[in-house]
Amino acid sequence: MTMRKEAYAAAVTPLKSGGREIDRAAIPEFVTFLAEAGLDGVMVTGTAGEGLLLSGGERRQVVEDFIAASPPGFRTLVQCGAQTTAESTGLARHAARAGAAGVLAICPSYFPLDATAQQAFLGAVATACAPVSFGVYEFAHASGYPIAHDVIEALSAQHANFELIKISDAPWERFSPYLDHGLRAFCGPEGLIGPALEAGAVGVISALAAALPRELLRAVHERDEGALSLAKALRATIDRFPRQAALKAILRHRGLPIELDVRPPLRSLSPHEHRALINGLDEELDAGWRGPRPSSPSHEERVSELPL
């Protein structure tokens with residue numbers, strides 16, 4: 001029997017006051033929106049969530065608020081990578097104690113870590129969150145360098161809780177080798193969902209799903225050419241604009257109480273960009289959906305499935 005693939009949103013972080021404060025009041029409705037769409041959970045404080053621009057205290061508060069707002073079985077993965085080992089391990093320990101289903105870590109940016117330093121950093125984070133599942137967040141475009149494959153093999157041998165990997169590299173030639181380590185692999189790029197799931201990835205962790213979860217779920221569960229093409233096209237439209245601001249603009253347009261604020265030095269969309277984004281998405285949705293939209297299985301129907 002083919003195992004059902006999982007789908008997580010790479011969640012935005014609701015902000016207010018010009019991006020200076022966490023908008024805690026907006027989180028429960030946002031979580032409900034994602035859970036009712038049929039997603040399995042969220043990853044918080046990642047790239048879409050502006051995690052590296054938040055203070056350690058803010059990141060901890062976001063984790064606690066998302067977990068507190070989640071219905072039973074709706075899982076929270078936490079991206080705990082930061083610029084120092086001490087900060088990353090502290091975030092990982094907190095996430096584990098707060099009830100996270102898993103911890104992921106991207107390697108620090110600016111100072112390229114060699115294999116020895118990568119192994120030490122990632123191993124420390126894995127130890128800090130044990131026995132909660134740990135994974136690496138491979139995104140060379142953001143960190144500035146790839147995680148060495150020898151490092152992944154060594155971590156697998158040394159840490160029993162090292163089980164996960166989120167792969168956000170593209171094109172396929174850079175993405176696919178990370179599927180060969182026997183980990184529970186999640187696809188980040190919407191344009192690679194089809195081949196990634198066919199090649200053994202267990203699911204996706206998608207920024208598109210933060211704002212358009214049903215369209216993402218259609219691509220994951222159906223995987224026909226139309227659904228996959230639509231997800232790819234929608235993400236391409238979003239990526240014409242500053243991503244975090246664009247996702248919040250879509251959520252606001254859909255009626256969620258999400259302010260348009262992002263954390264400086266990120267910027268919000270101009271009025272012209274806002275109109276162009278919404279019009280572009282409407283055109284893609286009109287072209288991409290044919291016939292009645294399929295219903296996703298309810299969250300309650302999936303609570304007991306596929307423990308992380």
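In the description that follows, Ala, Val, Leu, Ile, Met, Phe, Trp, Tyr, Cys and Pro count as nonpolar, Asp, Glu, Lys and Arg as charged, and the others, Gly among them, as polar. On this basis, the lining of the largest cavity in the predicted model comprises five nonpolar, three polar and two charged residues. The structure holds one cavity of 30 Å³ or more, and the space in the largest cavity amounts to about 40 Å³. Its lining is formed by T45, R59, R60, V63, V78, Q79, C80, L91, H94 and A95, with at least two residues supplied by each of α2 (56–69), β5 (75–79) and α3 (85–98).

Turning to the pockets, the largest has a volume of about 370 Å³; it is lined by 24 residues, of which G188, P189, E190, R235 and D239 are the closest to its centre. Both β10 (203–206) and α11 (225–238) supply at least two residues of the lining of the largest pocket, and α11 gives the most, contributing three residues. When sorted by class, the lining of the largest pocket consists of twelve nonpolar, six polar and six charged residues.

The second largest pocket has a volume of about 300 Å³, and among the 16 residues that line the second largest pocket, those closest to its centre are G46, T47, L52, A142 and Q244. The lining of the second largest pocket divides into seven nonpolar residues, eight polar residues and one charged residue.

Definitions and conventions
Residues are numbered from 1 along each chain as its sequence is written. This is a predicted model: local features need pLDDT of at least 70, side-chain atom pairs count only at pLDDT 80 or more; totals for chains, interfaces and linings use all residues. Side-chain values use heavy atoms; hydrogens and water are left out. On a 1 Å grid over the protein atoms alone, a cavity is a set of points where a 1.4 Å probe fits but cannot get out, and a pocket is an open set with protein on both sides within 12 Å along at least five of seven lines; lining residues have an atom within 4 Å of a point. Grid points are joined across faces, edges and corners, and a volume is the space filled by probe spheres set on the points. Helices (H or I, at least four residues) and strands (E, at least two) are DSSP runs, numbered from the N terminus.
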